[in-house]
Amino acid sequence: MNQPASAYFLEERHDPNETHTLSVLVQNEPGVLARVIGLFSGRGYNIESLTVSETESQKHLSRITIVTTGTPMVIQQIKHQLDRMIPVYRVVDMTLTGSSIERELAMVKVRGGGDHRVEALRLADAFRARVIDATTESFVFEITGNSSKISQFIDLMRPLGLVEVSRTGVAAITRGPEGM
Amino acid sequence: MTDKSHDPNQMTGAAMIVRALIDHGVQHVFGYPGGAVLPIYDEIFQQSEVEHILVRHEQGAGHAAEGYARSTGKPGVVLVTSGPGATNMVTPLTDALMDSIPLVCITGQVPTHLIGNDAFQECDTVGITRPATKHNWLVRDVNDLARVLHEAFYVATTGRPGPVLVDVPKDVQFATGTYHPPRKSDVHISYTPRLKGDATQIRKAVALLANAKRPVIYSGGGVINSGPEASQLLRQLVEATGFPITSTLMGLGAYPASGPNWLGMLGMHGTYEANMTMHDCDVMLCVGARFDDRITGRVDAFSPGSKKIHIDIDPSSINKNIRVDVPIIGDAGNVIGDLLQVFKAEARKPDIKAWWQQIAQWRARNSLSYRKNNDIILPQYAIQRLFELTRGKDTYITTEVGQHQMWAAQFFGFEEPHRWMTSGGLGTMGYGLPAAVGVQVAHPDSLVIDIAGDASVQMTIQEMSTAVQFELPIKIFILNNQYMGMVRQWQQLLHGNRLSHSYSEALPDFVKLAEAYGCVGLRATKPSDLDGAIKEMISIKRPVLFDCRVAALENCFPMIPSGKAHNEMLLPEEATDEATAKAFAGGKALV
């Protein structure tokens with residue numbers, strides 16, 4: 001019997017990983033975050049960043065923003081798996097909407113004196129980072145922007161006496177008048 | 001303040017639970033009492049509408065409820081206590097989740113003020129069972145209890161069915177609050193399962209089916225879950241199209257095994273004709289099945305030349321393992337009905353004579369054949385005799401997990417849905433005996449047989465005591481080969497015949513064990529004894545443990561070695577040592 005070639009999926013496996021930002025609107029009830037996180041760990045999906053907060057307290061709605069990586073098939077699975085959870089209202093792939101804005105906030109502590117201190121201030125100014133705490137030997141900068149801008153700023157601070165960083169993770173929203 | 005003492009909807013949490021069960025038409029609850037559910041048991045004691053079936057281990061309650069649900073289409077209800085009661089339920093909950101069985105499990109919990117305190121018999125029940133349920137709830141306020149219970153029943157039984165759990169602290173059971181009967185607003189508005197298939201997609205599917213040269217229908221448990229009408233519609237679709245049909249383990253009975261278009265089960269231990277048809281088809285219609293690894297074998301060689309249509313109620317089943325061309329989200333019965341209508345209106349039965357001739361050649365390989373033996377009972381022969389001697393009777397079959405389960409699937413012909421209860425996805429040894437208890441509770445006058453193995457049956461054998469107490473005449477038909485047969489088969493095939501811990505040392509005398517439990521023990525050791533003993537078993541109106549001594553080293557074929565393609569099956573007559581070693585080379589790491 002002449003068999004057809006059996007390479008139907010072989011290229012699937014070599015699909016490159018993509019990074020997607022998902023916005024998930026959920027009922028804000030006990031355990032809902034554990035459900036979402038449990039799904040990711042239980043099924044072996046990646047979480048690059050996770051941001052959660054209640055966004056509409058009257059309706060008890062929270063918005064979870066997840067940055068994840070995977071092949072297109074895995075990303076599709078993640079969305080379906082999230083969508084079928086009972087307290088999940090909507091899952092929107094912000095990356096696929098093509099017009100989303102992503103922002104992250106970081107607080108960056110830098111310690112040093114002399115030229116390093118001046119250079120840190122100068123760079124902060126260039127990145128539109130604000131000084132939110134200062135001592136004679138340190139600064140805490142607040143910086144907002146997309147994740148790569150923040151990472152770049154942190155990299156620049158490293159030789160200038162970077163002590164520690166606290167990042168919020170990504171929040172995302174679509175452009176234009178429509179909500180999710 | 002108004003006087004609420006005469007308001008009939010004012011009641012304790014414990015009373016609400018029993019009331020909700022009644023409002024949802026529950027007639028039987030499987031359970032085991034304990035400290036944290038005593039108020040509920042007190043309510044159960046004082047009423048007669050809900051009958052409580054006392055099991056011997058909480059796992060037994062879970063599987064019994066699964067058998068009950070699978071054989072009736074109604075949700076199975078379980079009531080267990082906190083801590084160990086809840087943890088013992090994890091296996092049946094996971095089992096029900098994998099096989100999409102509707103279960104409502106109510107667990108007791110320590111009082112709210114003790115939660116988190118490592119109190120006696122406390123555990124994080126909702127945390128532990130979160131990945132084991134479709135959804136679960138911890139109820140902290142008695143006034144939320146009615147809503148949560150109604151939502152629990154709704155979630156368990158709608159969409160893709162599954163197990164749910166409601167954890168009720170003891171103080172909430174004692175507290176008084178307001179009950180309300182089920183109403184629409186009890187359900188999360190975020191939960192909206194989709195039942196009706198997209199019309200455009202259905203048209204696309206019909207176009208593919210109408211032009212198929214080598215089609216196959218591959219149906220699964222979703223058709224059974226959808227209800228008996230779905231099976232009827234599937235039969236009509238097979239009739240209207242003239243297509244061959246195969247089914248997963250979970251889907252047996254949706255299309256009758258005696259039907260002319262039946263190819264037998266597919267997958268790892270499926271028939272040669274079913275797997276070859278899947279591999280060589282040009283159009284595949286998958287209904288209510290999920291391309292599980294036991295079905296597909298090696299995914300990159302799975303049915304490489306076919307266009308695939310996939311009907312499933314769960315969007316996450318689509319494109320999970322196998323990329324499909326025409327996905328249709330919806331309830332199996334609903335979509336088959338629409339599909340059938342469009343097909344009848346717009347298409348004609350395609351001419352697939354050549355395809356049927358090809359299938360006839362594959363069938364002629366007779367892949368389920370085995371060498372007859374006059375001295376020793378072969379397990380395949382035992383199932384065949386059991387099937388023949390129960391034909392025409394009102395029979396329900398449950399199984400444990402292992403070789404006997406596969407032989408039952410291969411050799412017992414199912415004519416109707418809801419007659420076959422087996423643990424497919426999770427593969428839970430010990431499922432069949434308690435499941436038989438549950439089936440018999442639902443169908444007291446039917447013949448309920450658990451086809452078991454000597455190892456599996458010992459995992460939940462204590463439920464014989466339940467069967468005796470409630471006068472449930474279940475028949476436990478043990479294919480006793482004194483091995484964990486499937487484990488041994490894999491050790492023989494993949495681990496150089498080193499039979500590490502797969503021999504059933506120190507087996508009990510099952511006949512004496514039956515007598516100890518107060519039921520009937522039978523034994524057959526020779527083929528010539530078998531028919532008489534089976535007839536005797538059927539005629540006894542009490543629980544029976546049947547010790548059927550079968551050939552110890554028989555293995556289950558045909559078999560697709562793990563990680564191989566459908567057209568790389570190993571047939572029984574080809575399973576020489578050399579061929580086997582070659583077929584299984586490199587597959588050791590796969591499950």
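Colleague: How many residues of chain B are in contact with chain A?

Modeller: In this predicted model, 33 residues of chain B are in contact with 26 residues of chain A, where contact means heavy atoms within 4.5 Å. Residues are numbered from 1 along each chain as its sequence is written, and chains are lettered from A in the order in which they are written. Local features need pLDDT of at least 70, side-chain atom pairs count only at pLDDT 80 or more, totals for chains, interfaces and linings use all residues, and side-chain values use heavy atoms, with hydrogens and water left out.

Colleague: And what area is buried between the two chains?

Modeller: About 2,600 Å² is buried between chain B and chain A, and carbon and sulfur atoms give 53% of that. Buried area is the accessible area (1.4 Å probe) that two parts lose on being put together, summed over both. In chain B, the residues that lose the most area to chain A are B:Arg130, B:Asp300 and B:Arg323, together 24% of what that side buries.

Colleague: Which residues form a salt bridge there?

Modeller: B:Asp314 forms one with A:Arg84, and the closest N and O atoms are 2.4 Å apart. The rule asks for a side-chain nitrogen of Lys or Arg within 4 Å of a carboxyl oxygen of Asp or Glu, and it finds one salt bridge across this interface.

Colleague: Which element of chain B gives the most to that side?

Modeller: H12(B) does, with three residues. Helix H12 covers residues 272-280 of chain B; helices (H or I, at least four residues) and strands (E, at least two) are DSSP runs, numbered from the N terminus.

Colleague: Changing topic, is strand S12 of chain B enclosed or open?

Modeller: Five of the five residues of S12(B), residues 283-287, are buried, so the strand is largely enclosed by the rest of the structure. Buried means under 20% relative accessible area, with exposed over 50% and partly exposed in between (1.4 Å probe, protein chains only).

Colleague: Which way do its residues point?

Modeller: B:Val283, B:Leu285 and B:Val287 point one way from S12(B), and B:Met284 and B:Cys286 point the other way. In a regular strand the side chains alternate between the two faces of the sheet.

Colleague: Which strands does S12(B) pair with?

Modeller: S12(B) pairs in the parallel sense with strand S9 (residues 215-219) of chain B over five bridges, and also in the parallel sense with strand S13 (residues 307-312) of chain B over five bridges. Two strands pair if DSSP finds at least two bridges between them. B:Met284 is the bridge partner of B:Val216, while B:Val283 stands opposite B:Lys307 in S13(B).
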